Amino acid sequence: MVTLADVARHAGVSASTVSYVLSGKRSISRSTRERVERSIEELGYRPHAGARALASNRSGIIALMVPLRTDIYVPVMLQIAMAVTTTARAHGYDVLLLTGEEGPEAVRRIEGSAVADAMIVMDVELDDERLPLLRAARRPAVLIGLPADTGGIGCVDLDFTAAGALCVEHLAGLGHREIAFIGEAPGVYERHTGFAERTLAGLRSAAGTHGMRLLHRPCASGWTAVAATLGRILEERPGTTAFVVQNEAATDPLLALLRQQRLAVPEDVSVVAICPDQVAAQAPVPLTAVAVPAQDMGRRAVEQVVAVLDGGEAARTVLLAPELTVRASSGPAPR
């Protein structure tokens with residue numbers, strides 16, 4: 001294994017000079033720095049992680065808090081986590097994944113140790129109890145999600161309020177006046193999770209603007225739950241001509257159940273989803289959908305914390321504009 005002393009001998013400098021080049025704690029002439037960097041490259045030297053952390057007061061790790069709850073669509077969360085991991089590696093950081101539902105305790109543990117340089121937090125609620133600790137923390141933090149109060153902390157999210165409105169506007173343009181919203185599982189709304197609440201707010205606002213009637217029904221995962229939700233909607237609002245779905249696990253069962261009810265999509269009813277493009281494109285009837293940009297959200301969150309760690313601008317709120325792709329599942333309202 002190549003050591004720091006080997007690099008020093010190869011470059012013709014002292015070991016302390018190599019250490020200063022690696023840590024950046026002292027000014028080194030450009031020619032000396034380049035000579036040391038060439039030796040590091042030629043010898044394939046890799047600094048010991050513990051020594052590097054002591055020298056730089058950095059761990060080179062970003063903590064990612066992603067509670068894997070049973071009432072969320074885990075594949076989307078993992079897509080975001082993968083984007084965080086690959087982007088962090090591109091910037092020279094590793095990722096510590098925290099998947100437990102620990103709430104503030106996880107923030108206290110990271111803040112009270114030197115295990116991570118920064119935190120990225122997912123599954124954000126409107127009044128998230130982790131926020132006071134994150135705002136007071138010495139380590140920078142960025143949320144993938146949007147709380148009610150974004151002051152003092154960076155946030156990256158799809159503009160779910162605009163996404164909900166965009167779905168309604170698309171259906172209004174097709175002449176629909178009675179729409180039903182099949183949402184996330186009840187627990188997601190009970191926790192006042194930000195993305196779900198904001199989508200619902202956007203739907204309601206746009207429906208009011210366009211004089212449309214909107215019925216919202218949360219829906220647990222599984223065929224039985226989707227069947228019960230659809231049956232309830234058709235009983236309560238038999239004039240429903242369009243569905244907006246923000247529940248990836250419900251899309252395929254819904255399409256199959258509508259077919260069982262002899263309701264053709266889109267001739268009898270239209271279906272619009274808020275989901276990843278892959279889910280929409282691979283559905284039995286390709287879904288008109290607002291894409292959830294999981295990779296972009298993860299990438300931007302890492303870029304924000306890295307910028308803060310490098311002494312750049314403070315983290316800020318970044319809302320990604322929704323984009324709706326029209327596919328085969330939406331059409332004019334039946335007469």
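This is a predicted model: local features need pLDDT of at least 70, side-chain atom pairs count only at pLDDT 80 or more; totals for chains, interfaces and linings use all residues.
Q: Which residues have the most contacts inside the largest nonpolar core?
A: In soluble globular proteins, nonpolar side chains tend to be buried together. Here the largest nonpolar core comprises 51 residues. Another core, of 25 residues, lies apart from it and includes V265, V279, L287 and A289. Within the largest core, the residues with the most contacts are I62, I80, I120 and I144.

Q: Leaving aside neighbours within four places in sequence, which residues are in contact with I144?
A: I144 is among the residues with the most contacts inside the largest nonpolar core. With neighbours within four places in sequence set aside, its contacts are I80, V84, I120, V121, M122, D123, V124, V156, M297, G298 and A301.

Q: Is F160 of the aromatic pair buried or exposed?
A: The structure holds 1 aromatic pair. Its rings, those of F160 and F195, have centres 5.6 Å apart and planes at 50°, so the pair is tilted. F160 belongs to helix α8 and F195 to helix α10, so the pair ties together parts 35 residues apart in sequence. F195 is partly exposed, at a relative accessible area of 23%, whereas F160, at 5%, is buried.

Q: How are α11 and α12 oriented to each other?
A: Helix α11 (residues 223-236) packs with helix α12 (residues 251-260), their axes 10 Å apart and at an angle of about 55°. The contact involves W223, V226, A227 and L230 of α11, and residues of α12 including P253, L254 and L257. α11 passes α12 in a right-handed crossing. At about 55°, the two helices are therefore oblique.

Technical notes: Residues are numbered from 1 along each chain as its sequence is written. Side-chain values use heavy atoms; hydrogens and water are left out. A nonpolar core is a set of buried Ala, Val, Leu, Ile, Met, Phe, Trp, Tyr and Cys residues joined through side-chain atoms within 4.5 Å. Buried means under 20% relative accessible area, exposed over 50%, partly exposed in between (1.4 Å probe, protein chains only). Contact means heavy atoms within 4.5 Å. Rings of Phe, Tyr and Trp (its six-membered ring) pair if their centres lie within 6.5 Å; planes under 30 degrees apart count as stacked, over 60 as edge-to-face and the rest as tilted. Helices (H or I, at least four residues) and strands (E, at least two) are DSSP runs, numbered from the N terminus. Axes are lines fitted to C-alpha atoms, for helices over the stretch in contact, and angles run from 0 to 180 degrees between N-to-C directions. Angles under 35 degrees count as roughly parallel, over 145 as roughly antiparallel, 65 to 115 as roughly perpendicular and the rest as oblique. A crossing is left-handed if the near helix is turned anticlockwise from the far one by less than a right angle, and right-handed if clockwise.
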